[in-house]
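I set out to record what I looked up in this structure, entry by entry.

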Amino acid sequence: MFDIFRKKHKVALVLGGGSARGTAHIGVLKVLEREKIPIDMIVGTSMGALIGAAYSVGVPIANMEAKALAFSANKLLDATIPTMGLLAGDKLEGSIKELIDGKGFEDCKIPFTAVTTNIETGEEVIFQKGNLIKIIRASCSWPGIFNPVRIDGQLLVDGGIKHSVPTKIAQDLGADYILAVDVGFCVRKGRIRNIFQMILQAFQITGEELNRHQSTHADFLIKVELGNIDQASFERSREAIQKGSQATELLVGELKREIGL
């Protein structure tokens, strides 16, 4: 049954955005790898692009987890004179380079696609080659917070602006079976006190609505419930990773039956 499934289906793992919440993807991957779930391609946006790229180039999950647990939001802070963003993004790029061990698309053991958004046209821009570190930086760059990244003449920002769970991209790339991971958003109710909270809350509201629509296009969805862990709560990565594993444990039996394992 499994051989028949593999011959007929190209399985795409789709990892949605979520910044600190996206560390839950590490927990999901732990279980998928242990259970030998087949993955023919990975499509990721924002934090999903970073975790997806790291897994694709062969970074061990244990290494990803160790770096996530040692990470803090302060490591991203490199204030700049605001023109297009409050943060320069150079520290973000350095963190990306460290996680993926300086590797590139040519090192991918599983075909990988990163999703970004052209902020000047509103169109998605996908990459399967090029400077992987710069491309992931673009995919993770929240407009207004991080400076955008110009690649091939295009001004690029976070892929989650248009595709927070990029199931449609996977379909367009020829995936027959889409396994998507949705880590959700944390819309808080309360007084907004500064520009960071304002931008963050706007992302939460928009992202939650996008996720609700885009997740329905998956053949199988792992929805990780993360409660009040927000996009900046990197100090709660251990909890997010555990919840990712727990959510996958609950569904992996059903997933295996569906694909004939």
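Predicted model: local features only at pLDDT ≥ 70, side-chain atom pairs only at ≥ 80, totals over all residues.

**Entry 1. Helices H2 and H4.** I began with helix H2, residues 24-34, and helix H4, residues 61-69. I found that their axes lie 10 Å apart and that the two helices pack at an angle of about 165°. Angles over 145 degrees count as roughly antiparallel, and H2 and H4 are therefore roughly antiparallel to each other. I recorded their crossing as left-handed. Which residues meet where H2 and H4 pack? From H2 I listed Ile 26, Leu 29, Lys 30 and Glu 33, and from H4 their partners Ile 61, Met 64, Glu 65 and Ala 68. Sorted by class, this contact of H2 with H4 holds five nonpolar and three charged residues, and no polar ones.

**Entry 2. Helices H5 and H6.** I turned next to H5 and to helix H6, which spans residues 132-139. The axes of H5 and H6 come within 9 Å and cross at roughly 125°. That angle makes H5 oblique to H6. I recorded the crossing of H5 and H6 as right-handed. On the H5 side I listed Asp 90, Leu 92, Glu 93, Ile 96 and Lys 97, which meet Ile 133, Lys 134, Ile 136 and Arg 137 of H6. By class, the contact of H5 with H6 has five charged and four nonpolar residues, with no polar residue.

**Entry 3. Asp 101.** I located Asp 101 in the loop between helix H5 (90-99) and strand E4 (112-118). Is Asp 101 buried or exposed? Its relative accessibility is 53%, and the cut-off for exposed is over 50%, so Asp 101 counts as exposed. I also noted its phi, near 60°, a positive value in a residue other than glycine. Most residues other than glycine have a negative phi.

**Entry 4. Ser 19.** I found Ser 19 in the loop between strand E1 (11-15) and H2. The phi of Ser 19 is near 50°, which is again positive in a residue other than glycine. Its relative accessibility is 13%, and buried means under 20%, so Ser 19 counts as buried. What does Ser 19 contact, leaving aside its neighbours within four places in sequence? I listed Met 47, Trp 142, Gln 231 and Phe 234.

**Entry 5. Gln 204.** I placed Gln 204 in helix H8, residues 195-214. With a relative accessible area of 1%, Gln 204 is buried. I also looked up its separation from Gly 85, which is 119 residues away along the chain. The C-alpha atoms of Gln 204 and Gly 85 are 18 Å apart.

**Entry 6. Helix H9.** Where is the kink in helix H9, residues 237-259, centred? I found it centred on Leu 251, with a value of about 45°. I then looked up the buried residues of H9, among them Ser 237, Ala 240, Ile 241, Gly 244, Thr 248, Val 252 and Ile 259. Just after H9, I noted that Gly 260 takes a positive phi of about 85°.

Technical notes: Residues numbered from 1 in each chain as written. Heavy atoms only, no water. Axes fitted to C-alpha atoms, helices over the stretch in contact; angles between N-to-C directions. Helix = DSSP H or I, 4+ residues; strand = E, 2+ residues; numbered from the N terminus. Parallel < 35°, antiparallel > 145°, perpendicular 65-115°, else oblique. Left-handed = near helix turned anticlockwise from the far one by under 90°. Contact = heavy atoms within 4.5 Å. Nonpolar A, V, L, I, M, F, W, Y, C, P; charged D, E, K, R; others polar. Buried < 20%, exposed > 50% of the residue type's maximum accessible area, 1.4 Å probe, protein only. Bend = angle between axes of the 7 residues up to and from the residue.
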